[in-house]
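I shall speak about strand pairing and then about salt bridges, and I ask you to keep the structure in view throughout.

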Amino acid sequence: MPANVSLTMMSVRQCYHNLSPLYHEPPPLSAEHVALRDQLAEYNAAVLELSSRLNALSLPCRLPPEVLSRIFVMSAAAVHEEDTAWSAVHGPRGGNHGYYRWISVALVCRYWRNVALGCASFWAFIAFEYHMPRDIYPELLRRSLNCPLTIVYHSRESCNCQPCKSLWYVDSIGQEIISEELPRIRHLIIIIESTAFSTYDLWQELAASAPSLETLEVGHTRLTNNLAMDLPNLLFQSDLPRLRSLALRNFKYKWTNSLFQSSLRTLEIIERPAPLAIHVDMHRFISMLSTMSQLEHLVVEGLPPIHPVNAIASLPQLRYIRLKGDFEELAFVLFRLRFPSTTAIHLIISYEPGPPVARFVQALSRTLSASHLHTASYVVPNNFLVRINDRSSSFRAWSNILTATDRTVNRLWSRVSDIQPRILLTADKTVLPSIVAGLYLPHLTALQISIGCAMPPDWIWSKWFAGAPNVSFLRLSGHAGYRVGRMLSLRVRMQEDDGSGETDSGDEGPGADSEIDDNLDAGDDTDGSDTGLSGESDEDSLSNTQSGSVDGEGGSQASSVDDHPPDEAPPASDGKGCDGDTLSIQTGSDDQSWVITAVMPSLRTIHFIDVTFPYTSSFSDPSDSDDMVIIKRTREFDADGMVKGLQVRKNLGAEDIESLEFVRCRGLQVSRLQTLVGIVDSVVVDRVRLTKLD
């Protein structure tokens, strides 16, 4: 840089220094200023003293230290559980103290701080994380005295602070303290995020016995199947006499691992990578479960490959089980597990095109054979309100309440219900109907159907519940509230058996065997031939027939769609035309006969909740393969279709619908309901009962 330029820059800086008031010393304070400042300090001290005395008179500060300590410990335990559960899946929370939010109760007031400092169990939680200073850990150990410890060992690679750039920061401190305090560790959570992390030293520190260990969670949050780490087959010298809970996520291990102790009460296996011994994996899995007679909570999301096994695992204490897999894997495991009829079951079904449903339905029916399912809920979520990759529908059913009154079923159907269902099925919305249609539910009396997305033309939800003849209370939400009169009276074509002893249901896909009765068509929202969604293979039809569904007696008939159904109205029934538990009338010729069926013949009450009238939906016409044709249809409340449907049901000998209630239904034209007043005993709109107009 030239000398003259350098001198010019120095001159500019000097001028700025001379002109800016920030570079001048402040003038000395006057005596009055100093006096006022001192007086203000005295007032602030007096205010703090008065605040302290006032806090001492409040109820929280008058609680005995023993009670307050118990509250602190319970609150801290809840925060610990929330933070560790979140971090095991998503990594640590943001902020500077993700794992140490529970300490905030010690900062409320002086009394609370003194109580917290005197409670050793309050400080018996240590989380080794990337942003915490080293000196906090010895202080926590000192305050915890000899209380059993909860240790969170979190190794993370994405951090920017200088101490964390060395891999030994968390690893060396955590492994050293774990090794020293292992005899008094009660809960140990190991979370690994780094793909470059070496677990060798960590496993070496876990080689000693852990006589106090009750909970062990080991997981990796960012691993693919190719990068999954191996879990040693021998840890803690197999000396885990008090181990009650084990959770493993994204680790490779053998089912003969020493961690699978017979003392376990809770076992969770999430996203298990590719197994190490495929040909014997299922056998060892069932054999491992057979040793856990005290198991109460079982979660397996990543079942081993199917292999012929004769072993049976008996779990007499099991209260909850969640399994994730395809139809074959779930059916295979269900057939080989024995647990009480009160066990809550959650099955997550992986979607695969063309899955074999029959064997799964058979296994599920056997599992639920001793359960009297009285209340059920079928929910298809709104695609705009859920994650893009979460399009699953759910079916829930309860059996732990003897009577299904309005109050109890509304409590069960709540989104935050505190009553666990006996069975919860989660599957893709195109797969679940074929499962539900195969179940026989003779004790079901209350049913909720909530469909949050537009229904395709071939969706007939009433066909899915043909195996529930005793439903008396039906609650409909969303798109399930359209075409109800026609949904409850279906026309099914029956074909005779060919003599081979097997039914011929064809391979036309779901729902190719029924349609909404054209006699009930009001003409305002039809779109061609509507077909149901419950197609099954020959084996499925046989399974449904044996369980009492509408496919006929003894499997001698199968149903299919006719392009030209008869137009005559069904005659009145004297009750002799009933087929099984479903009321029906057979019409037409012998070689091509039709059965008009009253679905849910015991139905007496229907509630419409949060249904929007009118609703306009669009769909493409599949009949024109060359040009895309978009068909729009508007869904009003079909009062005429409801009246015709009620008349058909009455002719079939079904129970009379006694009550129709509409709650928070937007766009509903009350005048359209006048045709139902008098036919139905009670028509209520938002708690107002309608009367017949002159």
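Predicted model: local features only at pLDDT ≥ 70, side-chain atom pairs only at ≥ 80, totals over all residues.

Two strands are said to pair if DSSP finds at least two bridges between them.

Let me begin with strand E4, residues 215-220. Five of its six residues are buried, so the strand is largely enclosed by the rest of the structure. On one hand, E4 pairs with strand E3, residues 185-192, in the parallel sense over six bridges. Within that pairing, isoleucine 191 has glycine 219 in E4 as its bridge partner. E4 is also joined to strand E6, residues 245-249, by five bridges, and these two strands run parallel. Here glutamate 217 stands opposite alanine 247 in E6.

I turn now to strand E2, residues 149-155. How many of its residues are buried? Seven of the seven are, so E2 too is largely enclosed by the rest of the structure. Both of its faces are covered.

The partners of E2 are as follows. Strand E1, residues 125-128, is joined to E2 by four bridges in a parallel arrangement, and phenylalanine 125 stands opposite threonine 150 in E2. Seven bridges join E2 to E3, again in parallel. In this pairing leucine 149 has isoleucine 185 in E3 as its bridge partner.

The second topic is charge pairing. Side chains of opposite charge can pair when their charged atoms come close. In this model the count comes to 11 salt bridges, and I shall discuss several of them.

Consider glutamate 82 and arginine 101, which form a salt bridge with their closest N and O atoms 3.7 Å apart. Glutamate 82 lies in helix H4, residues 65-90, and arginine 101 in the loop between H4 and helix H5, residues 110-117, so the pair ties together parts that are 19 residues apart in sequence. Glutamate 82 is partly exposed at 42% relative accessibility, and arginine 101 is likewise partly exposed, with a relative accessible area of 35%.

Glutamate 139 and arginine 143 both lie in helix H6, residues 136-144, four residues apart, about one turn of the helix. The closest N and O atoms of their salt bridge are 2.8 Å apart. Glutamate 139 is partly exposed, with a relative accessible area of 26%, and arginine 143 is partly exposed as well, at 22%. These two residues belong to a network of salt bridges that links Glu139, Arg142 and Arg143.

Finally, arginine 242 forms a salt bridge with glutamate 214, the closest N and O atoms being 2.7 Å apart. This pair links distant parts of the chain, 28 residues apart: arginine 242 is in the loop between strand E5, residues 229-230, and E6, while glutamate 214 is in the loop between helix H8, residues 200-205, and E4. Is each partner buried or exposed, or does it fall in between? Arginine 242 is partly exposed, with a relative accessible area of 38%. Glutamate 214, at 18%, is buried, because the cut-off for that class is under 20%.

That brings me to the end of the presentation, and I welcome your comments.

How values were computed:
Residues numbered from 1 in each chain as written. Heavy atoms only, no water. Buried < 20%, exposed > 50% of the residue type's maximum accessible area, 1.4 Å probe, protein only. Salt bridge = Lys/Arg side-chain N within 4 Å of Asp/Glu carboxyl O.
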